[in-house]
Amino acid sequence: MPADIRNATASAQRIRTALVVDGLVAEAPNGVRLLDGVSFAVSAGSMLAVAGPTGAGKTSLAAAITGAIPLSSGAVIVGGVDVTRSDSSRRGIGYVPQEDDLHGELTVRQTLDYAAELRLPFSEAGERQACVDRVLAEVRLQPQSGTTVASLSVGQRKRVSIASELISRPEVLVLDEPTSSLDPGYEASVMVTLRRLAERGKCIVVVTHSQQVIAACDQVAMLATGGGLAYFGATSCVHSYFGTSSPAELFSLLDDAPDSIFIPKPPAAVRCLPGSVPIRVARRCGLAQFMTLSRRYARITFADRRRTALFAIQALALGVLLLAFVTPAGLARPQDALGQTIPLSATGMAVLLTTCVTWLGTSNAIREIVKERKILARERRAGLSAHAYVVSKLAVLGPLVAVQAAVVAAISVQRQQVPGAGAVLPVGILELIVAMSLGAICAVTLAMFVSAVVRTADKALAVLPMVVVVEFVLSGLSPSVHVPGLSLLRDLAAARWSVQAIGATVTGSAYDWWQAIGSMAALSALALVGTLLTVHRSLRTRPVRRSRRAVVPAGLKVGARLNPEMLRLSRVAAGGLAGVALVVTGARVLVPEAAAPAPAAAAATAGQGGHPVSLLAESVPGVVGDLFWLLRAGTTVGIDVTAAAYVESVVG
Ligand SMILES: Nc1ncnc2c1ncn2[C@@H]1O[C@H](COP(=O)(O)OP(=O)(O)OP(=O)(O)O)[C@@H](O)[C@H]1O
Ligand SMILES: [Mg+2]
């Protein structure tokens, strides 16, 4: 194959990773407009700076591109695919938010190892290792690979954050102020790293205030206050465009600018995109993710020795407290009859034991989801299964609190004369331990649900005493509740069943024991499902409300609408147009390796260089319209005829 055609083919492949942002409109939940119809296109292999005054909407734009906030309208198209419609293609976009959201307890290598396990499906351990080594070298963090993230400097943490995204080799990498709080030398080295990535065909979008960063990018998108795009183009032309002489002057101009400064959208046809090969980023299966997440969570939970010691001390202290201060023989089985109501002394002890396990389960779990909210959102965008995540929490916290409950039970009932044989199990104390462990697990699931519902860890802590007190009140201090609503409410309290299970061991009622155990299992399952649904809902990217003119990958649309004969004709028409383009402008025509109609192939051999961005018309008349619009703007034009008739072009 001639070198020209080979180069053109390579460029055509690269074109497909280009990013097109088409008329993004986003609003905050309170109705504040965050983005006002922002449109631009970035070619693969190039770097775009997004700048503008504080509060202009830069972070909102980065979040909208990556799907972190919902859009009111507009589309984000990567490689010809509208990623707002497809989670699997959205995974082709990496997002490094401004605030680092990493587990401080893990070392740099462990962080990247787990990221590789979660993000690289179908990979062998050796491959993952090689990938982590490569990424560590790319961000120059090898010397710190054994350091915990919490001990790193701000700049080093930022690099870990970037490295976590690089693991999955995203086509588009969006970074929100990656160099803020870095010294100029470090800033320059981060930009060198990003440039290296761009040279490998990635599309880099950097939100920044730094003049050095803007200068290091190929293009800049300037946002004005109000969330509109005021400038998009070469970084060197910004001041001449606005007639300003300094960054301070420019930023104050954009801060006070009226909406009329916003650039109108480009003509509709130019916003349409080719239907190229969709980027589908596979994800690991839920079970594999669950295993990885459980291992990671266990490591994080027990990484801190003092915290681990606290788990043990909590249980020992509560056990000893009950042993020392509760009147002995409270759990002795009454002489007269099996199956009678639980004696008052046993109820008191059961309520105390239940309150202890409720406290252990709730306090250990109530912050565990909400504190990782940002990490979860980020990993979710990379393909994390919400189910695997929630169940992994239970897989670690469940056994932990079960052991704590067992320790409390084993110590505290030493003087309580627990019956030798239980109602169901042959050993009474074992039966007690089972019931209390299940009570603690039940408290964990309820606390996880609260943790998924609240928005901040502080709120979770504020709710904690409330949960424990409500469980305490409903646990069995007032056994005869006859008001229907209230008795149902009581039945929904895990503590009520925990008290019944402990009482059943005392009275020897197998029915009561099984009823209590079954109810606790059912309540745990209910709370777990509630947690799953809440986490799933909070992470769901809501679909864009579409205007009637939807942006559809045009190649697919043409292919679907036309019969083969018509498709052939449209290809010929596209080829012909390429010839016209060549004659008029000496434009470069990009032809993929696959067999192409003669006019286009001939055109390709006579082409010249350019940095293409994919654009496409939805129909043959659209192709003509686009072509003339682009030629008038002095752009380089390419045609790819593999999928259907469409024009690929370069802006700027
Ligand atoms: N959830 C929200 N609710 C209400 N207003 C919001 C919300 N998120 C952002 N905003 C508002 O939208 C505007 C844009 O915010 P954004 O964080 O995108 O600005 P920015 O350009 O990144 O600013 P900075 O340079 O300070 O980081 C701000 O006025 C902000 O107060
Ligand atoms: Mg910001």
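Visitor: What makes β3 and strand β9 (residues 219-224) a pair?

Guide: In this predicted model, 4 bridges join β3 to β9, and the two run parallel. Two strands pair if DSSP finds at least two bridges between them. A strand is a DSSP run of E with at least two residues, a helix a run of H or I with at least four, and both are numbered from the N terminus. With 4 bridges, β3 and β9 therefore count as paired.

Visitor: How many bridges join β3 to strand β8 (residues 203-207)?

Guide: Again 4, with the strands running parallel. In β8, L48 has V205 as its bridge partner.

Visitor: How are residues and chains labelled, and which parts of the model count?

Guide: Residues are numbered from 1 along each chain as its sequence is written, while chains are lettered from A and ligands numbered from 1 in the order in which they are written. Local features need pLDDT of at least 70 and side-chain atom pairs count only at pLDDT 80 or more, whereas totals for chains, interfaces and linings use all residues.

Visitor: Why is β3 called mostly covered?

Guide: A residue is buried if 20 or more other C-beta atoms, placed from the backbone, lie within 10 Å of its own; it is exposed if 12 or fewer do, and partly exposed in between. Of the 5 residues of β3 (residues 47-51), 5 are buried. M47, A49 and A51 lie on one side and L48 and V50 on the other, so both faces are covered by the burial definition.

Visitor: Which residues have the most contacts inside the largest nonpolar core?

Guide: They are V50 and V206, in a core of 171 residues. Its largest share, 18 residues, comes from helix α16 (residues 428-453). Such a core is a set of buried Ala, Val, Leu, Ile, Met, Phe, Trp, Tyr and Cys residues joined through C-beta atoms within 7 Å. Leaving aside neighbours within four places in sequence, V50 is in contact (C-beta atoms, placed from the backbone, within 7 Å) with K58, L61, A62, V205, V206, V207, A221 and L223.

Visitor: How do you know that α4 is largely enclosed?

Guide: 11 of its 12 residues are buried, so the rest of the structure largely encloses α4. Among the buried residues are V108, Y114 and R119. Their cover includes α5, α6, α11 (286-303) and α14 (373-381).

Visitor: Why is R140 called partly exposed?

Guide: R140 has 15 other C-beta atoms within 10 Å, which falls between the limits for exposed and buried, so it is partly exposed. R140 lies in the loop between α5 (125-138) and α6 (154-166). Its phi is positive, about 55 degrees, although R140 is not a glycine.

Visitor: Why are β2 and β5 placed at the edges of their sheet?

Guide: The open, antiparallel sheet has 4 strands in the order β2-β1-β4-β5. β2 (33-42) and β5 (81-82) each have a single partner strand, so one side of each is without a neighbour in the sheet. The partner β4 (residues 73-78) is joined to β5 by 2 bridges, which meets the pairing rule. There, V78 has V81 as its bridge partner.

How values were computed: Two residues are in contact if their C-beta atoms, placed from the backbone, lie within 7 Å.
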